[in-house]
Amino acid sequence: MEERYAILSASTHANPDNSNRKTLIHSKSISWGDEVDSATISQGAQYNFQDSRFKCAEDFEKRSLHSDAHFLIHRVPVGSMKNDNIQKARSILSSISRWNNKKGALMAEALLERLHRECIKGKNPNAFVDSEMYNICINAWAKSDINGNEIVAKAESLVNRMETRYARGRENSIPRTRLARPDRITYNSLINAYSLSNEDSSAKVDKILEKMNALADSAAINKSDRDYESYIRPDEISYNSVLNYYASRKNEHWSAQRAEDLLLEMSEISQRQQEQHSKGNPPPVTMSTTTLNIVLNAWGNSGGGIRAAQRAEALLHMMIRLFNKGHENIQPNALSFSIVINAYSHVDSTDASSAVDKAMELLDVMEGFPLPNNEGINSCYNAVANVVAKSCLHNAGDKVQELMVRMRNMDTLPDNFIIASCIEAYVSAADEDSRRRGKDFLFRMIDDPSSQPNSVSFNTLITAIVRDKAKDRFDEADELISMMENVGGDARPDLATYSIILGALSQMEDEDSAEKAVQYLRRMLRSYNKDGYAKVKPNSFVFNSVINMVSRCNNEWADDVIYKTLVAMENQNSQGNQFVTPDTITYNTVIGKLSKSPSKKNAMKVMRILKSMEDQAKGGISACAPDIITYTSVLNMQRIVDPRRAASIASSYIRRVMSSCEHTVIDKHGFRTVLLALAHPGNFEHAETAKQAYEWMENIGYIEAIDSRVCDLVLVAFKNSNNELSADGVISFLSDRVDKYLSGQTTTILPTVVGFSAGLGVLGKYNRVGEVATFLGKMNELSSSGIPEVKPDEGCYVSILASLSSRQQRDSALQAQRILEMSKQDLSSLTSALFNAAINACASTSGDNSNRRKALEISFNIFEQTKELRSVDSISYGMMIRACMRLVDDDGIKYKLVKSIFHLCVKNALVNDFVLKEMGHLSQKIAGKKAP
């Protein structure tokens, strides 16, 4: 096998003509970028400004390009582009593609499509779109700020359009030279896009490589298309892109094996191409150090533990042997060694000791090996230090210090990475002595003029401190943070520092933790906003941590602070900090905290937050859209502060949900809160909305959000609406449910006796006693069939009688007498509350003297029944006094009746405030008669 690799690694000097080769841009972590030519690289460099002095000029240039692009895309009619417009469009496309964001990529693609329409629909041959323009757009998406899966979708779309348009053009006999045709750069860019996605695209990647070879083979035997072979045949960059795709698959052993298998395939292809090259064909694909490093990286990322590390080491030793045999093109470099050494940091704890030994051995080999240069040699020592630090050996810290001595012997100064690894090695022992030694080591490094520890070293130590259970751990951590501020430079507290300390504080339950968290956030914002320290740029995590802690705090200042923290978070976002984005959970936490202290001040804050959430949702920011939790908290507060507003908010929300095509999650608690708000007295429309909302939830099958008690609330809403139309609403709602159930639809949810009572009270109030009797019969029928909590009880009858007394009617007394007789059939015993409600209903009878005299007789009859059952109480006497006062016109008779009732009340020692209050009405009347 080694011989096969040797053939593949033939030196690139066998192909001296590299003038047309593209430059591959990639990072030290072997994340392969897209291919661009040297001119593009030099043009791109001018946009990589670090000096803020150029910022305004750069922004102005972007605005100018955006304006020009918008004019060309939307203002110039199709078919009317002049040559200078076409050249300008191509130039702008190239420039904006290097903005490295979604906006630039969108505009670049829009310009490409505009030129394509100009060429095809506008029949303008000068607007020809070539392959390079498609490749630029693919590259723009690959470097934009969107996620990998979106990048893949955009890249695939562009390639598919390119292939389809080429095929259609050939069908229409358009010359190949006038068509954009996918080339090697196109497919290499698409493969690189797949490396950015977390989805498994291995089949697609392999298929692209097969397609490229198939297209090249087809072109080679077609005289009219032979030139295409050199543009489509996979080269080293193509294979490296495929290998890098497999290396990018984390913790997938098969990907590493597939990468190594691909090396063998490259060898076979190279051997065949070598034979054809001798006949005048293009030079064969070759292997380089970069190629082997990618495969090493694949094994390092595979998650295969020590076996994967050993396989990577075996490949490294093969590279060394081949290099020693004269294959200079695969000479291992410092990156090769560091990749393999790092692979040993991913082993199980049982293999940690062996991994350290292997890492040390590889370091010995590296120190004796002729590296091409010393660039990156620190990474090898850092990799070994990382393996040692993760081993948790008792002497790990001492071993890392020995490594630092070896570095100095190699004329290499230890850097921040190995200092941080040394501290990690000490604190990994998880005992106080080791942590102290790590702290002492850090202090020595601070005093050492040849070393400059950065925040990583401090953060490693702080992490170990706050994980400890010592009472003074946060004081010790704060001392280190203060020291970081004093040391300055890159040692200043950064985002990681504050994330560590805030994350630890969030696990605490004491009130002081919230106050400390607020102070840390203020220090952080001061460092970023005032001092301009970019590495402390806050993110959502630190804000959410503080908000969560303050939401649990009971101090008086908590409401004000949590609101101001949210405002600061919004300000960060509005000022361009895309890492700070309040979402629905953030807003709900603040609203939930404020709603626990209902006040007009907090209600105003909550309404501002709700409006902001709704506005953002309308603007397409779904992550901030208010949900049922939001409205539950808002409604619970407003029901106390402003019930009318609560009802209005609930109505608006539930109607919006019902009219929306999107599925909205509403839980039982939230829906109940909405109905409670809608049940606010005095609005029939809100009661109707409650009914419609319940029926909508029922119809769409949202059964988990409704039950009998939620059903009750609809009837309560009608009861509170104080509108005669509510009687029809009650009849409709109850009839629908009861009839469905009695007809066999036993899954129908019915109200409880509480809901029935509220509904029947509405019917009684508006003189619909016939329907009351009907529903009372159905309640008994339902109860007999085994339905719990629906049998008419005393509360039900009291509710009906109370509703009769709420408005004056001619037949109130007769209806009260009827209801009372019906109650005797359902109730085993009658209490004073029932009789008292009946007497009170009689007292509300209106009409002429005859009508009221009959009502008075019924009142006395009921009162006598009360006495017979020994259910008379103070309220009974008070109600009889009220009946006499309201139903008797003759003052003399009225006085005598009231006097006899009162004397009887006194005799039975049942005089109370209520009786005296009713007697007071008689006193006022007598006083009024005597007044001049």
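## Contacts and the predicted model

Two residues are said to be in contact when heavy atoms of theirs lie within 4.5 Å. The structure discussed here is a predicted model.

## The protein as a whole

The protein contains 43 helices and two strands. Its C-alpha atoms fill a box of roughly 135 × 80 × 55 Å along the principal axes. The radius of gyration is 42 Å, whereas a compact globule of 932 residues would have one near 30 Å.

Of the 932 residues, 52% count as buried. The accessible surface comes to about 43800 Å², and carbon and sulfur atoms account for 49% of that surface. Among contacts between residues at least 6 apart in sequence, 70% join residues at least 24 apart.

## Asn-301

Asn-301 belongs to helix 13, which covers residues 289-301. Because its relative accessible area is 15%, and buried means under 20%, Asn-301 is buried.

Beyond its neighbours within four places in sequence, Asn-301 is in contact with Ala-247, Arg-249, Lys-250, Asn-251 and Glu-252. The side chain of Asn-301 reaches the backbone oxygen of Ala-247 at 2.9 Å. Ser-255 is 46 residues from Asn-301 in sequence, and their C-alpha atoms are 9.2 Å apart in space.

## Ser-197

Ser-197 lies in the loop between helix 8 (184-195) and helix 9 (202-220). This residue counts as buried because its relative accessibility is 5%.

The side chains of Ser-197 and Asn-149 are joined by a polar contact of 2.5 Å. With neighbours within four places in sequence set aside, Ser-197 is in contact with Gly-148, Asn-149, Val-152 and Arg-249. Arg-249 is also among the contacts of Asn-301.

Technical notes:
Residues are numbered from 1 along each chain as its sequence is written. Side-chain values use heavy atoms; hydrogens and water are left out. Helices (H or I, at least four residues) and strands (E, at least two) are DSSP runs, numbered from the N terminus. Buried means under 20% relative accessible area, exposed over 50%, partly exposed in between (1.4 Å probe, protein chains only). A polar contact is a pair of N or O atoms within 3.5 Å; within protein, one must be able to donate a hydrogen and the other to accept it, and residues adjacent in sequence count only if both atoms are side-chain atoms. The radius of gyration is taken over C-alpha atoms; the globule rule is 2.2 Å times the number of residues to the power 0.38. Accessible areas come from the Shrake-Rupley method with a 1.4 Å probe; for residues, only the protein chains shown count as cover.
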